[in-house]
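Hi there,

Here is the structure I promised to pass on to you. Have a look at it first, and then read my notes below.

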Amino acid sequence: MPENTQDKLEDIYKEAAYSHINTGDETIHAKRITGRFRTYKWYASALYILFFITPYFRWEGSQAILFDIPHRQFHFWSLTIWPQDVWMLSLVLILLAITLFAATAVLGRVWCGYFCFQTIWTDWFTWIEDKIEGNPIQRRKLDNTPWTMRKIRLKLFKHSLWMLISILTGVTFAAYFADVYGLWHSYLTLNAPLIAWSVLAAFIFFTYVFAGLMREQVCFWLCPYARIQSVMVDKDTEMPTYDISRGEPRGKLRGKGSDARGDCIDCHLCVGVCPTGVDIREGMSEGCITCGMCIDACDSIMEKVDRPKGLIRYASRKEMDGETLPTLFKRPRVVTYSIILLLSMLGILYGLTHIPPIELSIVHERQPLFIQMSDGSVENKYTIKAVNKTPEDLHMRVTIVAPEGIKISKRENAEVILKSGKIIPLPIFLTARPEMLVEKQTPVRFILESIEKPTMRVEYESVFIKGR
Ligand code: SF4
Ligand code: SF4
């Protein structure tokens, strides 16, 4: 082995003395290295830029994506989702949950390793820490030295940047529920409502504490997903795995006798780079978020000692046991998840393409069901409940389709103005001569149609009650 490689390995062995397996009693200072999985992690991180910029997108003069809680509407570009369409939300939740299950069944906790807010924010926070306070050894030294002006300056700078990210996170989250420019103005002029301050305070606190102070402890002790993941993975799931048959017996690569050992040179770099402080060589751990950093680390070592890469690699238990992995669509879990995914996607697609511009329901008065008029006719009262989901007020006409003899009795109620986004109950009366009706209950169809746009119409079936 070249001398400079031996020197580099000596350095790595020295660093190994600082790499501890996480027992939760001290902060993990993971070493940052470059590599394939590190690059994937940066790509995934970059997706979160969308989280920060989305509230600034505009559509026809308004915020493109807005959860308008006071008006109970969700605006998504040109689409407005009303409480009546909220059933689609259940499908969206099913879709997200099943996507997570499917991804876990195939690639373990890939969500945790690359996409989870906790992991991404922690990654940013520790990157800042690394840039300001130095590598893990320097950081640990700094933590253990007495307070000096330098230490105060470094810590102040780091915590200020953490606080800045926490504030931006809080404001951005709140901006999904209120117009972003108005929100910034209200925060900067200290005129924000109490709820806006509460959301901001909660987000600053949780971002700062979870990503800055608790870090991997959240994954270990607070996240329920770590507990339930074991039921989602099976022998076919591919996860970062240490190849025991190749690596053992492990031993330091020094002097003679090394050749009899396995490929693991016991450098501990895989532990040193692990953001949750796991030793992957000890088998699957609750703390492993499948980020692949140990793969990058071990590959770099294998390159140095001139051994094939992949001592730690994405592999399934079956693969490690020498069995053949079934193709993706022969795995019952994957097939089941895919079918549910497809059904929920179709449901959402159907819902989005069939949102009616007007939602109509007609409530028949129950107390009394009918009134016997002095001229012998019978009157039924109904309440029209229509929601105008369009952005403008609509001038509507109410008509009925019913057997001869039943008619709308109060003409002034036959035309209505439906205010945009409002549900205004409107009474309407029907009368009939009882001798003209055969059945005790006669079907009646109400039609509500726009006077200006006759194609915009909705119908509702009800009944006329003849009385005694
Ligand atoms: S598995 Fe690889 S990185 Fe980990 S101790 Fe062994 S050689 Fe080093
Ligand atoms: S063991 Fe490897 S894959 Fe798992 S969290 Fe640690 S570095 Fe990431």
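Let's start with I339, which sits in helix 17 (residues 332–353); helices (H or I, at least four residues) and strands (E, at least two) are DSSP runs, numbered from the N terminus. I339 counts as partly exposed because its relative accessibility is 49%; buried means under 20% relative accessible area, exposed over 50%, and partly exposed in between (1.4 Å probe, protein chains only). Together with L342, L343, M345, L346 and L349, I339 makes a nonpolar surface patch of about 610 Å². Such patches take residues with over 30% relative accessible area and no salt bridge, joining nonpolar side chains (Val, Leu, Ile, Met, Phe, Trp, Tyr) within 5 Å and like charges within 9 Å. The areas come from the Shrake-Rupley method with a 1.4 Å probe, and for residues only the protein chains shown count as cover.

A word on how to read it: this is a predicted model, where local features need pLDDT of at least 70, side-chain atom pairs count only at pLDDT 80 or more, and totals for chains, interfaces and linings use all residues. Residues are numbered from 1 along each chain as its sequence is written, chains are lettered from A and ligands numbered from 1 in the order in which they are written, and side-chain values use heavy atoms, with hydrogens and water left out.

The average pLDDT (the predictor's confidence in each residue, from 0 to 100) is 88 for the chain, and 93% of the residues score at least 70. Confidence is lowest in helix 1 (residues 3–16), with a mean of 68, and highest in helix 8 (residues 149–174), at 97.

Now for the salt bridges (a side-chain nitrogen of Lys or Arg within 4 Å of a carboxyl oxygen of Asp or Glu). The whole structure has 32 of them. In one, R313 pairs with D243, with the closest N and O atoms 3.0 Å apart. R313 lies in strand 7 (residues 312–315) and D243 in the loop between strand 6 (239–242) and helix 13 (244–247), so the pair ties together parts that are 70 residues apart in sequence. D243 is buried because its relative accessibility is 8%, whereas R313, at 25%, is partly exposed.

Another salt bridge joins K419 and D393 (3.7 Å, N to O). K419 is partly exposed, at 41% relative accessible area, and so is D393, at 42%.

Which residues does one network of salt bridges with shared partners join? They are E129, D130, E133, R139, D143, K155, K158 and R215.

Enjoy exploring!
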